[in-house]
Structures are given as C-alpha cells and as structure tokens.
Amino acid sequence: MTFAHTLKNSVVLLSISILFLGSCKQQVNETKPVSAPEIDYAAKVYPLLDTENSRWFYFSSASRPFGMVNLSPDTQIGGAWGSGYRYKTDTIKGFSHIHAWQMSGISVMPVTTNEKTKDDIFKDFYSKFNHDNEVVIPGYHKVDLDRYAIEAQLSSTKRVGFHQYTYPDNEEEKAILFNLNTILGPSSNIDGVLDQNSENELSGKVTMEPTHRRPKPMTVYFKVQLNTQISSIEKDESTGNYLIILNKNKNDVLMKVGISYTSVANAELNITTELPNWQFENVRSEAKQEWNCLLGRIDVKGGSDQDQRRFYTDLWHALQGRRIINDVNGAYPDNTGEIFRIGQLPLDANGTPKFNHFNSDSFWGAQWTINTLWGLVYPEIMYDFSNSLTQYYKDGGLIPRGPSGGNYTYVMTGASATPFMVTAIQKGIIVDELEDVYQALKKNHLAGGIMEKAGYEHTTNVGGGLKYYMNQGYVPYPIPEGKFGSHQDGASLTMEYAYQDWTLAQLAKKMGHKEDYDYFLARSSNYKNVFDSEIGWMRPKNVDGQWKADYDPYQAENGFIESNGAQSTWFVPHDIKGLASLMGGENAAIKKLNEQFETAEDLGFTAGTSHSAELHPEYSRIPINFGNQPSIQTAFIFSQLGRPDLTQLWSRKVAKTVFGGLSPSTGYNGDEDQGLMGSLAVLIKIGIFQMNGGTEANPEYQIGSPIFEEVTIKLNKDFYSGDLFTIKANNNSDANFYVSEAEFNGILIKANSLRHDDIVKGGELILEMTNTVK
C-alpha cells in the first residue's frame, strides 16, 4: 500500500516532499532549494552538550539530519553505553561512519608510518587530541591528531562521509588505516574486506554481528574514492585490517566514503548522486545550510544567549538521532523474513523514492515529544517515518516499535508506534488508505502483535503478559511464565497498554468501527485495575489479584519500567480526570502532585545526572523524574485539572533547571533516546504540549509558559494552509512566568489550549505574563 499525501499535482509533490532530508525545501512545489536563513541557527548549537555522558548513537557531529552516514570521532569504542565520542577521553580511536541504534561500522584513521612502526600500526594507532584545537558545529568536525601532526576535517552528505586530511611535510609515509574488524559500539565488526578498484578507488564490506537487541547480522557495503594515488595496500593477517599507503608527494588528501546496506554498486551510486565534486568547503557549507533550514523553522527572540544556544542544541538533538537506511534509488535492507532480501521503496514518476526508510530506537515516550514537535513543525518528517513504519508492516507483518538492521527489535514495550501514527492521521499528515493503516495498527494490540513482546526477547510472545491484560484487565507482576527479557513490569505494562488502546480507539472512531471503538475504549480503563485506593498509588499485583506485599512506591523498577510507582502513577495521559477521581477528586490530586514536585525540586527534578545513575539508592527515590520518559508529562497535568498556574510554575522551573545547562557535563540528566528529551525541552520552552500525544480528533495543544519573548514557527505549506504561527509572551522574564491572559488572533482564550486546525491556519497567540497568579 502507499500513503501518498493527497494534494494537487501529487506526482510532482511526492517526488520533492521526501527531499526534506536532502535540500531542505519548505514548500514541496518549489523548483529551487530555499536559501539559507539570514540567522545562523547552526552556529548557536553546542554539539558538546552532555558529551561526558554520551552513548553510541547520541553524538554525531559531521552529519546531516537523519543521515545514513553519522561521521564523528570515537574516543571510546566498546559497548552501546559509554562509547562513541566521550568528552573526557583524550584519545581518538578512529573516525567511524555509522552511529545508529544497534549499528556501527567502517572505522578509519589517518596515520603516518615508517619502516619501524608499520608492523605495529595495526594494533597501536590511537592518537591524543586537544579540545583547544577542536571545532565542532552541525555538519562539521575538525581535530588535530597530536601523534601524527595530522589535521583531520570531517563533513558529509546524507550517505557519503567526506574527509580532508592535512599531513605533515616530512619523510613519514602518509597512510589511512581501515580498522574494519573491531569492536565498535554496540557490536563487533567482522569479516571486513577491502579491495582496490583503481589507482584511487577502493571498495569493501563489513558485517555487524548480532546484538541482544538486533537479532540478525547486518552487512554494510562501502565505496572509497581518493584525490590521490594509492601506492600500496597492506593487510595485517592477525587483525584482518588494512593499511592504505598514499602518494608521498600529496599532503592534502580528500577521501569520500559512500555507504549502502544493499551493495557496493549502490554505495557508489550514492557518491555519484550526492557528492560528484571534490569541494570540501562547499559540502561543509551545504551541510550547515541544511541544518539552518531545519533549525530555522522555529525562530526565537528574547531570553539569554545561553537560553537560545541551549534551545537550538535541543532542537538539533530532535533532528539527528534516527537514521536513513535506504539508498538514493530506494533500495533498502529487509531483514524481517527468514532470508535477507533487498527491498525497493515505491518511486515517483521521476524515479525518486516517495519516502525514506529508517533505523530507529523505540517510540517509547514519543507521545510527549516528537509526536508534537514533528507533527506541528516538521510534518514532512512525520510523513516519512509513518510510511517507513508501514513499509515494515508490508515486509514483515508488524508495525515496529524500534527497528534496526532492517528488522524488528523489541526494545522497550507496548505498541508505541500507535500514538505516533494516529496523531499523523489526526493532523492530516497521512490521509490515504487509512483503513489499511488502521488494520495494521490494530494487529499490534491483539494476540500475535507487538504488545506481546516485552523487553528485548526475540523467541517468545508471552513476555508482555498481553493475554492476562485482555482476560483479567491487567498484566500481573511477576508474569507467571517467567522472565524473558527486561521491562516485564506488570503495572507499567498495564498503564501503557491502556493509553495505547485509547489512542487506537480514537482512530477506530474516525474510521467508523463502532465495535472496535467500544472494545478498545473499554480496555483503556484497565489502568484502574492497578490503582490501590487504600494507599493512593498504582501498585503491581500478581496473577491471583493480590497486591504486591511490602510495596514501596519510591522503590525503582518495583513493578514499573525505568521508574518508581510514585512517578508512574501519573501515566494516564488519556484520562487525567478519571485518575484524579480515583485519588479522591481534583483538589486531592493537585495537592498530591504538587507535593511530589516540591520534593523533586530538591533533587533537581532528575534521578541523578545520567541514565546510569537512575538506580542510585537516593536518586531513584525521586517522586518526579524529568531524566526519563515515564513522568515527563507531569507538569502539564495541573492544567488538565484546572490549575494552569502550577503548570506554568513547574514547567518553567524544569526548563531552567533540567534543560538549562550548557556544558559537556550536563544536558539531559538521564536517557536522551535519540531526540526525545531534546524534543521535550523544545516544547516546554516554547510553551505548548499535548497530553495525550495529539491523538484525538482535531488535537488539542495545552499552553504552558514559554521562556522566550517571541516564538515563530514557519508552517510547512505542503501540509498546512498557514504561513506562520507566532507566540508572543509580553513582559516575559524569569520572574514573570504566569500567564494572566491569552489571546489568539484577537480572541480571548479561556481554556488554556488551542486546537490543531486553528494553529495550522496560522496566527498569533499573545500571552500576557505576570509574576502573580491570576
């Protein structure tokens, strides 16, 4: 099936709309790329944010938005956590091209050698570097390798890494080590081979071994082109790696590395299509322009210089985590079946793929993050991802929640793609063949669907406890069949499934499926079955219906996923008032949550400063944690219960405390998860949010407390009729964070919210800010 966006001249529009990842057009019917904005938004990005806490896919400097190539230096290479570019490690171990969810590959290192050192260079090639001589901006990275006196500059197109090395003028041999067989991030790279094709061209392939999350091996093919002659190639039999000796008379060396997950031929096609020239400065400039185009969709005025720099850094994170896996001709790796196959995306009349295909971490928590940000500001991105998720369904029979290597992974829990795709439909981003989409999503919520898969297990369907949820109204803890993976925490699973059922019910209602609507709506009340009214908290119960004994709502992962019971009690985004009723009424709920925020404030609203600290005996007991997804919506619950002033108070404090720093040692204080926390920070700072993930008809946006005096969103005309949506916060300051009055297009707002259809027509929201509660 295809999910083309129905607009006039659809063939032309489709051929251009997916090029948001290439030419950064704001209107798909334009014939020329939009010129770069006058404001240099990319220059405001601080890429080194939180790099002391980096994980493999977290940092990717010399890359394009969602690029297949994710080129950057690696200072740590072992494991998915604590690897990649780690700011405090002063040694570079290579420049690798793939930093993706459960994927890695093609590590290279420029070196100099002589007869004495050549034999050892395969095992001893790391180099110190100094941050003082380092330049990092979106799309570009420069470092000096102290050991070799080599200046290395990196940039890229979507599928091609572009290297510029300046070697010292001495008698040493100029060389490049292809460290193809090595541990690299989440997996070992094995069976790496390299062949010389001509005097300045190479090709090869590397296989990524399976991980406990990505169950099948994955091969990456590559093509290398150099602007200088290759003098010789030496292979080390003990490591299987290769040393490329270059022309000794050329100090300035350029190297292109095109990659593909389908063939060397397509890797070469990616080069000839995206990078036919040798103009490094042009590519660097184009990379920056592309980032400026996307970052410039939101223009902010006011706030401090640090506020603005942190804002655009957050936005950068929201646009760089997940990765394209298809070639320019639409070929892509399909690993969903028993036998690997090369798939083909549908093409338009010009032979251009109608959308891109992606490698992606889970959409767990996306309902409060990229659902809103992408859906409003970048609908073309949501369009591509929705079609990609559907392509997995066509190939393998399921909508995935975290695909890697062209296959399913069962990272995290539930059917987290359902809210993502439902909001895309409710916002009019996906409009064709909706019945097929609905049936695909529905399959995940029934026996045999992805809800049955919990944690990272790949061989059984009982880990998610879905049969108990369907038959008894809750997932027991522990699950009687045993432990098959992480995150089999029954109370959280129950609440998560209930919310996702509610979102599917909204689509069933839209499609006129009354029986399905009633069924899934009834299931969405299952969260009530794990609420213990005697203690006022969500509480796990066993298969016999008995509450967990000696229950402590502040004990982490005690029936709850990456959280404690106090945090997860509030995970009812579809029925906040129903939850409040269980707690004794709205006033009681407000008092309870406000006390939790007051306690959490003393700990900075996060369980430590990194994901690894969340199980610390003290940090883990925090009642609200903005360092991980389960309770990041809580500041906006107050507005749902008639206290927008408390939403404004606490969301402003969270923005300044959790998402205000600007250094390598701080940033997200937890689990960034490929742009989810960056997206959350952006939404809190511009003062709009969607409690239920924007999944109801004509979705509602709750109004918070923007930290800037003015926010202008440039609406995508291919999806929305308006030009600009502007938020003006008059008299805004650190002290004036309450909204005393709100007006949209000249009309006073009483509900502290706006509807999607009104926002995307364009207009001006004016907020009068004060330091006292109205």
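Here, buried means under 20% relative accessible area, exposed means over 50%, and partly exposed is in between, all with a 1.4 Å probe and protein chains only. By that cut-off, 65% of the 774 residues of the protein chain count as buried. A heads-up: this is a predicted model, where local features need pLDDT of at least 70 and side-chain atom pairs count only at pLDDT 80 or more, while totals for chains, interfaces and linings use all residues. Residues are numbered from 1 along each chain as its sequence is written, and side-chain values use heavy atoms, with hydrogens and water left out.

**Overall build**

- The protein chain has 18 helices and 32 strands; these are DSSP runs numbered from the N terminus, with helices being H or I of at least four residues and strands being E of at least two.
- The radius of gyration comes out at 26 Å, close to the 28 Å that the globule rule gives for 774 residues, so the protein chain is as compact as a globular protein of that length. For the record, that radius is taken over C-alpha atoms, and the rule is 2.2 Å times the number of residues to the power 0.38.
- Along its principal axes, the C-alpha trace spans about 80 × 60 × 55 Å.
- Take the contacts (heavy atoms within 4.5 Å) between residues at least 6 apart in sequence: 70% of them join residues at least 24 apart.

**Nonpolar cores**

- A nonpolar core is a set of buried Ala, Val, Leu, Ile, Met, Phe, Trp, Tyr and Cys residues joined through side-chain atoms within 4.5 Å.
- The largest one has 209 residues, and Phe178 and Trp374 have the most contacts inside it. Helix H10 (residues 490-511) gives this core its largest share, 10 residues.
- Apart from that core lies another, of 9 residues, including Val160, Phe162, Ile271 and Leu275.
- Leaving aside neighbours within four places in sequence, Trp374 touches Phe66, Ala318, Leu319, Arg322, Pro379, Ile381, Met382, Phe385 and Phe420.
- Trp374 is also one of the buried residues of helix H5. H5 (residues 370-377) is mostly covered, with 8 of its 8 residues buried.

**Helix H16**

- H16 is largely enclosed by the rest of the structure, because 11 of its 14 residues are buried. Among them are Leu646, Leu649, Trp650 and Val654, along with Asp645 and Arg652.
- The cover over those buried residues includes helices H14 (586-601), H15 (637-640) and H17 (676-686), plus strands E29 (738-744) and E32 (763-770).

**Sheet and hairpins**

- Two strands pair if DSSP finds at least two bridges between them.
- An open sheet of 6 strands runs in the order E18-E27-E28-E32-E29-E30, with mixed pairing. Its edges are E18 (298-301) and E30 (747-748), each pairing on one side only.
- Inside that order, E28 (residues 724-730) and E32 pair in the parallel sense over 6 bridges. Phe725 has Gly763 in E32 as its bridge partner.
- Elsewhere, E11 (residues 182-184) and E12 (residues 187-198) run antiparallel, joined by 3 bridges. Leu184 stands opposite Ser187, and Gly185 takes a positive phi near 65 degrees in this hairpin, which has 2 residues between the strands.
- E12 also runs antiparallel to E13 (residues 201-208), through 7 bridges. These two form a hairpin with 2 residues between them, and Ile190 is bridged to Thr207 in E13.

- The peptide bond from Tyr477 to Pro478 is cis, with omega near 0 degrees. Pro478 sits in the loop between H9 (466-472) and H10.
- Asn731 has a positive phi near 65 degrees without being a glycine. Asn731 is in the loop between E28 and E29 and counts as exposed, at 54% relative accessibility.
- Asn745, not a glycine either, has a positive phi of about 50 degrees. Asn745 belongs to the loop between E29 and E30 and is partly exposed, with a relative accessible area of 43%.
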